[in-house]
Amino acid sequence: MHLHKSSRPGDSNGPMIRRPSTEATEAWLRLMRVRSCVLDAVEQDLKKAGFPPLAWYDALLELSRAPSGELRPVELEKQMLLPQYSTSRLIERLVDEGLATRRECKKDKRGLFVEISDAGRDLQKRMGEAYSVAIERHVGSKLSDADAARLCGLLDRLGCCAQTSPSDAKEAAS
């Protein structure tokens with residue numbers, strides 16, 4: 001880890017700021033590149049299988065996991081694995097395709113819920129099968145179970161990821 005003095009105006013005696021080592025920077029770059037590469041490969045596999053984008057599966061999975069099959073849009077956005085900068089547009093597409101419905105909250109008439117439909121549950125299950133195959137192809141086939149567990153441990157040490165139990169991971173891939 002490299003240290004240098006703060007270069008903020010008026011802070012000549014400021015605290016030492018740590019700069020990432022070359023190794024930490026390289027780890028960051030590889031993590032970002034691998035994430036992008038693997039997500040692109042999984043997206044392509046789903047597309048070749050005739051399915052919509054992975055974000056659709058992600059949203060449908062979270063709706064199907066919700067106790068009553070419904071979430072407020074803001075809750076859905078927080079639950080999703082993939083960042084979705086246009087959740088309202090995604091919800092609109094799901095509703096237009098008959099995969100989800102919007103309904104008014106009975107308690108506060110201003111709030112909305114998004115609820116998964118039977119067609120949405122069916123698509124989520126079918127996409128889950130193709131997604132599981134893609135995960136195995138692009139990750140599982142390249143790492144032993146022990147390597148995958150070590151990788152999970154290393155990623156958990158970064159401390160910014162939501163903890164996922166092995167059963168959650170299996171459910172997400174099925």
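In what follows, two residues are in contact when heavy atoms of theirs lie within 4.5 Å. The structure on display is a predicted model.

With that meaning of contact in place, I turn to a pair of helices. Ala-55, Trp-56, Ala-59 and Leu-60 in helix α2 meet Leu-90, Arg-93 and Leu-94 in helix α4. Sorted by class, the contact of α2 with α4 comprises six nonpolar residues, no polar residues and one charged residue.

Two packed helices are described by the angle between their axes and the distance between the axes. Here, α2 covers residues 54-65 and α4 covers residues 87-96; their axes come within 11 Å and cross at roughly 80°. Angles of 65 to 115 degrees count as roughly perpendicular, and α2 is therefore roughly perpendicular to α4.

Let me place these helices in the whole chain. The protein has seven helices and five strands. Their order along the sequence is β-β-α-α-β-α-α-β-β-α-α-α. There are 174 residues in the protein, and 29% of them count as buried. Of the contacts between residues at least 6 apart in sequence, 51% join residues at least 24 apart.

I come next to the charged pairs. How many salt bridges does the structure hold? There are seven salt bridges, and I shall discuss three of them.

In one of them, the side chains of Asp-45 and Arg-137 meet at 2.9 Å, N to O. Asp-45 belongs to helix α1 (residues 22-48) and Arg-137 to helix α5 (residues 118-140), so this pair ties together parts that are 92 residues apart in sequence. Are the two partners buried or exposed? Asp-45 has a relative accessibility of 16% and counts as buried, because the cut-off for buried is under 20%. Arg-137, at 47% relative accessibility, counts as partly exposed.

Another salt bridge joins the side chains of Glu-70 and Arg-103, at 2.5 Å from N to O. Glu-70 is in strand β3 (residues 70-71) and Arg-103 is in strand β4 (residues 100-104), so the pair links parts that are 33 residues apart in sequence. Glu-70 is buried, with a relative accessible area of 14%, whereas Arg-103 is partly exposed at 23%.

The remaining salt bridge on my list is formed by the side chains of Arg-102 and Glu-92, at 2.7 Å from N to O. Arg-102 lies in strand β4 and Glu-92 in helix α4, so this pair ties together parts that are 10 residues apart in sequence. Both residues are partly exposed: Arg-102 has a relative accessible area of 37%, and Glu-92 has one of 35%.

My last point concerns a leucine. Leu-31 is found in helix α1, and it is partly exposed, with a relative accessible area of 32%. Which residues does Leu-31 touch, not counting residues up to four places away in sequence? They are Leu-155 and Leu-158. Leu-31 and Leu-155 are 124 residues apart in sequence, yet their C-alpha atoms are 9.8 Å apart in space.

To close, I return to the helix pair. The α2 and α4 axes cross at roughly 80°, and the contact between these helices has six nonpolar residues and one charged residue. Thank you for your attention.

Notes: Residues are numbered from 1 along each chain as its sequence is written. This is a predicted model: local features need pLDDT of at least 70, side-chain atom pairs count only at pLDDT 80 or more; totals for chains, interfaces and linings use all residues. Side-chain values use heavy atoms; hydrogens and water are left out. Axes are lines fitted to C-alpha atoms, for helices over the stretch in contact, and angles run from 0 to 180 degrees between N-to-C directions. Helices (H or I, at least four residues) and strands (E, at least two) are DSSP runs, numbered from the N terminus. Angles under 35 degrees count as roughly parallel, over 145 as roughly antiparallel, 65 to 115 as roughly perpendicular and the rest as oblique. Ala, Val, Leu, Ile, Met, Phe, Trp, Tyr, Cys and Pro count as nonpolar, Asp, Glu, Lys and Arg as charged, and the others, Gly among them, as polar. A salt bridge is a side-chain nitrogen of Lys or Arg within 4 Å of a carboxyl oxygen of Asp or Glu. Buried means under 20% relative accessible area, exposed over 50%, partly exposed in between (1.4 Å probe, protein chains only).
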